[in-house]
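Thanks, everyone. Please have the model open while I talk.

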Amino acid sequence: MKLRAMRSGMTLIEVILAGSIAVLMTLALLEGIIVSTKISHENAQLLAAEGYAWETAWRWLSKASDDLNGSSTMMYYPDAAGVVIASNECPTICRELTGADAKCYVRVGVETNLARNGGKTSAQRIDVNVEWGPPSDRRCLTDAWPAGIGSRARSFNMPISVYKSSIDRSVKR
(Lines give C-alpha, C1' and ligand atoms only; values in the text may rest on other atoms or scores of the structure.)
Protein backbone atom coordinates (compact mmCIF):
# COMPACT_ATOMS: atom_id res chain seq x y z
CA MET A 1 0.00 0.00 0.00
CA LYS A 2 2.83 2.35 0.74
CA LEU A 3 4.23 1.87 -2.76
CA ARG A 4 0.94 2.83 -4.39
CA ALA A 5 0.70 6.01 -2.35
CA MET A 6 4.12 7.07 -3.57
CA ARG A 7 3.16 6.53 -7.21
CA SER A 8 -0.01 8.62 -7.09
CA GLY A 9 0.16 12.13 -8.66
CA MET A 10 1.96 13.37 -11.78
CA THR A 11 5.59 13.27 -12.72
CA LEU A 12 7.59 16.32 -13.75
CA ILE A 13 7.66 15.13 -17.37
CA GLU A 14 3.86 14.88 -17.47
CA VAL A 15 3.55 18.42 -16.09
CA ILE A 16 6.03 19.78 -18.67
CA LEU A 17 4.24 17.96 -21.49
CA ALA A 18 0.82 19.25 -20.40
CA GLY A 19 2.20 22.77 -20.03
CA SER A 20 3.80 22.75 -23.49
CA ILE A 21 0.54 21.52 -25.07
CA ALA A 22 -1.34 24.33 -23.30
CA VAL A 23 1.20 26.89 -24.57
CA LEU A 24 0.92 25.60 -28.16
CA MET A 25 -2.88 25.74 -28.02
CA THR A 26 -2.75 29.30 -26.65
CA LEU A 27 -0.35 30.40 -29.41
CA ALA A 28 -2.58 28.84 -32.07
CA LEU A 29 -5.61 30.60 -30.60
CA LEU A 30 -3.80 33.95 -30.54
CA GLU A 31 -2.66 33.49 -34.16
CA GLY A 32 -6.27 32.78 -35.13
CA ILE A 33 -7.40 35.96 -33.39
CA ILE A 34 -4.74 37.99 -35.23
CA VAL A 35 -5.72 36.54 -38.62
CA SER A 36 -9.44 37.08 -38.00
CA THR A 37 -8.73 40.71 -36.99
CA LYS A 38 -6.84 41.30 -40.24
CA ILE A 39 -9.66 39.73 -42.27
CA SER A 40 -12.27 41.81 -40.43
CA HIS A 41 -10.30 44.99 -41.09
CA GLU A 42 -9.95 44.16 -44.79
CA ASN A 43 -13.67 43.36 -45.05
CA ALA A 44 -14.56 46.64 -43.33
CA GLN A 45 -12.48 48.55 -45.87
CA LEU A 46 -14.02 46.63 -48.77
CA LEU A 47 -17.56 47.29 -47.54
CA ALA A 48 -16.79 50.98 -46.99
CA ALA A 49 -15.31 51.31 -50.50
CA GLU A 50 -18.25 49.47 -52.05
CA GLY A 51 -20.74 51.63 -50.13
CA TYR A 52 -18.96 54.79 -51.26
CA ALA A 53 -18.97 53.55 -54.87
CA TRP A 54 -22.72 52.80 -54.80
CA GLU A 55 -23.41 56.20 -53.23
CA THR A 56 -21.37 57.86 -55.98
CA ALA A 57 -23.18 55.83 -58.66
CA TRP A 58 -26.53 56.91 -57.18
CA ARG A 59 -25.48 60.58 -57.22
CA TRP A 60 -24.49 60.27 -60.89
CA LEU A 61 -27.68 58.38 -61.70
CA SER A 62 -29.69 61.25 -60.18
CA LYS A 63 -28.08 63.82 -62.50
CA ALA A 64 -29.95 65.04 -65.55
CA SER A 65 -29.14 63.08 -68.71
CA ASP A 66 -27.99 66.29 -70.40
CA ASP A 67 -25.29 66.71 -67.73
CA LEU A 68 -23.77 63.35 -68.66
CA ASN A 69 -21.65 62.66 -71.70
CA GLY A 70 -23.68 61.60 -74.72
CA SER A 71 -20.86 60.13 -76.82
CA SER A 72 -20.38 56.42 -77.37
CA THR A 73 -16.83 56.52 -76.01
CA MET A 74 -16.25 56.25 -72.31
CA MET A 75 -15.51 59.60 -70.67
CA TYR A 76 -13.81 59.93 -67.30
CA TYR A 77 -14.94 62.53 -64.78
CA PRO A 78 -13.30 64.86 -64.05
CA ASP A 79 -10.51 62.98 -65.86
CA ALA A 80 -8.71 59.63 -65.76
CA ALA A 81 -6.75 60.69 -62.64
CA GLY A 82 -9.83 60.28 -60.46
CA VAL A 83 -10.90 62.26 -57.41
CA VAL A 84 -9.31 62.01 -53.97
CA ILE A 85 -11.86 60.85 -51.40
CA ALA A 86 -12.02 63.14 -48.37
CA SER A 87 -11.53 61.53 -44.98
CA ASN A 88 -14.93 62.69 -43.75
CA GLU A 89 -16.68 61.06 -46.75
CA CYS A 90 -15.29 57.57 -46.15
CA PRO A 91 -13.17 57.42 -43.00
CA THR A 92 -12.51 53.66 -43.14
CA ILE A 93 -10.35 53.97 -46.25
CA CYS A 94 -8.96 57.46 -45.62
CA ARG A 95 -5.28 58.41 -45.81
CA GLU A 96 -4.70 58.31 -42.05
CA LEU A 97 -5.64 54.64 -41.85
CA THR A 98 -4.27 53.32 -45.15
CA GLY A 99 -1.17 55.44 -45.76
CA ALA A 100 -2.19 56.94 -49.11
CA ASP A 101 -5.10 58.83 -50.66
CA ALA A 102 -8.15 56.83 -51.60
CA LYS A 103 -9.43 57.69 -55.07
CA CYS A 104 -12.75 57.40 -56.84
CA TYR A 105 -13.00 57.01 -60.63
CA VAL A 106 -16.19 57.63 -62.61
CA ARG A 107 -16.70 56.96 -66.30
CA VAL A 108 -19.80 57.40 -68.40
CA GLY A 109 -20.57 56.06 -71.86
CA VAL A 110 -23.50 55.01 -74.02
CA GLU A 111 -24.48 51.39 -74.46
CA THR A 112 -26.58 50.69 -77.55
CA ASN A 113 -28.71 47.72 -78.56
CA LEU A 114 -29.67 46.77 -75.03
CA ALA A 115 -32.57 44.31 -74.96
CA ARG A 116 -35.67 45.71 -73.24
CA ASN A 117 -39.28 44.49 -73.51
CA GLY A 118 -38.61 42.58 -76.67
CA GLY A 119 -36.99 45.59 -78.37
CA LYS A 120 -33.70 47.42 -78.39
CA THR A 121 -32.82 50.57 -76.47
CA SER A 122 -29.77 52.58 -75.53
CA ALA A 123 -28.69 53.76 -72.11
CA GLN A 124 -25.93 55.68 -70.45
CA ARG A 125 -23.68 53.41 -68.41
CA ILE A 126 -22.09 54.83 -65.27
CA ASP A 127 -19.12 52.88 -63.88
CA VAL A 128 -17.54 53.67 -60.53
CA ASN A 129 -14.28 52.33 -59.13
CA VAL A 130 -12.61 53.03 -55.77
CA GLU A 131 -8.91 52.53 -55.07
CA TRP A 132 -7.35 52.68 -51.59
CA GLY A 133 -4.47 51.43 -49.47
CA PRO A 134 -0.76 52.13 -49.09
CA PRO A 135 1.31 52.44 -52.29
CA SER A 136 2.86 49.01 -51.71
CA ASP A 137 -0.53 47.29 -51.29
CA ARG A 138 -3.20 49.19 -53.24
CA ARG A 139 -6.66 47.68 -53.54
CA CYS A 140 -9.51 48.46 -55.89
CA LEU A 141 -13.05 47.25 -56.49
CA THR A 142 -12.46 46.21 -60.09
CA ASP A 143 -9.60 46.04 -62.57
CA ALA A 144 -11.87 46.50 -65.61
CA TRP A 145 -10.27 49.88 -66.36
CA PRO A 146 -7.49 51.03 -68.71
CA ALA A 147 -3.89 50.54 -67.65
CA GLY A 148 -2.91 52.82 -64.82
CA ILE A 149 -6.31 52.86 -63.11
CA GLY A 150 -6.36 49.99 -60.71
CA SER A 151 -3.66 48.11 -62.63
CA ARG A 152 -1.20 48.41 -59.76
CA ALA A 153 -3.83 47.42 -57.21
CA ARG A 154 -5.20 44.11 -56.00
CA SER A 155 -8.71 43.81 -57.38
CA PHE A 156 -11.76 42.40 -55.64
CA ASN A 157 -13.56 42.00 -59.02
CA MET A 158 -16.65 43.88 -57.86
CA PRO A 159 -17.68 46.14 -60.76
CA ILE A 160 -20.13 48.90 -59.84
CA SER A 161 -22.22 49.89 -62.88
CA VAL A 162 -25.63 51.47 -63.29
CA TYR A 163 -27.62 52.26 -66.43
CA LYS A 164 -29.64 55.40 -67.06
CA SER A 165 -32.18 55.60 -69.86
CA SER A 166 -35.45 57.22 -70.62
CA ILE A 167 -38.47 55.06 -69.91
CA ASP A 168 -41.40 54.95 -72.31
CA ARG A 169 -44.42 54.89 -70.04
CA SER A 170 -46.97 54.40 -72.79
CA VAL A 171 -49.24 51.38 -72.44
CA LYS A 172 -49.02 48.84 -75.24
CA ARG A 173 -52.24 47.09 -76.22
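I start with the charged pairs. A salt bridge here is a side-chain nitrogen of Lys or Arg within 4 Å of a carboxyl oxygen of Asp or Glu, and by this rule the count comes to eight. Before the details, the conditions: this is a predicted model, in which local features need pLDDT of at least 70 and side-chain atom pairs count only at pLDDT 80 or more, while totals for chains, interfaces and linings use all residues. Residues are numbered from 1 along each chain as its sequence is written, and side-chain values use heavy atoms, with hydrogens and water left out.

Which residues meet D127 in a salt bridge? One is R107, with 3.0 Å from N to O. That pair links distant parts of the chain: R107 sits in strand β3 (residues 103-116) and D127 in strand β4 (residues 119-132), 20 residues apart. Helices (H or I, at least four residues) and strands (E, at least two) are DSSP runs, numbered from the N terminus. The other partner of D127 is R125, where the closest N and O atoms are 2.8 Å apart.

Are these side chains buried or exposed? Buried means under 20% relative accessible area, exposed means over 50%, and partly exposed is in between, with a 1.4 Å probe and protein chains only. R107 and D127 are both buried, and R125 is buried as well.

The next pair is E131 with R138, a salt bridge whose closest N and O atoms are 3.2 Å apart. E131 is found in strand β4. E131 counts as buried because its relative accessibility is 1%. R138 has a relative accessible area of 8%, so R138 is buried too. The two side chains also make a polar contact, at 3.2 Å. A polar contact is a pair of N or O atoms within 3.5 Å; within protein, one must be able to donate a hydrogen and the other to accept it, and residues adjacent in sequence count only if both atoms are side-chain atoms.

One more item on charge: E42, D137, R139 and R154 are linked in a network of salt bridges.

Staying with E131 for a moment, what is its separation from D101 in sequence and in space? The two are 30 residues apart in sequence and 8.6 Å apart in space, C-alpha to C-alpha. D101 lies in the loop between α3 (95-98) and β3. With a relative accessible area of 32%, D101 is partly exposed.

Now the overall layout. The chain has three helices and seven strands. Read from the N terminus, the order of elements is α-α-β-β-α-β-β-β-β-β. The chain has 173 residues, and 28% of them count as buried.

On to the core. A nonpolar core is a set of buried Ala, Val, Leu, Ile, Met, Phe, Trp, Tyr and Cys residues joined through side-chain atoms within 4.5 Å. The largest one has 21 residues, and those with the most contacts inside it are I85, I93, V128, V130, W132 and L141. At least two residues of this core come from each of α2, β3, β4 and β7 (160-164). Which element gives the largest share? That is α2, with seven residues.

Helix α2 (residues 12-61) also holds L27. L27 belongs to a nonpolar surface patch of about 590 Å², made by V23, L24, L27, L29, L30 and I33. Patches are made of residues with over 30% relative accessible area and no salt bridge, with like charges joined within 9 Å and nonpolar side chains (Val, Leu, Ile, Met, Phe, Trp, Tyr) within 5 Å. Accessible areas come from the Shrake-Rupley method with a 1.4 Å probe; for residues, only the protein chains shown count as cover.

How many disulfides are there? Taking a disulfide as a pair of cysteine sulfur atoms within 2.5 Å, the count is zero. For C94, the nearest cysteine sulfur is that of C90, 8.3 Å away. C94 is buried, with a relative accessible area of 8%. For C104, the nearest cysteine sulfur is again that of C90, at 9.8 Å. C104 counts as buried, at 5% relative accessibility.

Last, a backbone point. N157 has a positive phi of about 50° although it is not a glycine. N157 is found in the loop between β6 (154-155) and β7. Its relative accessibility is 54%, so N157 counts as exposed.
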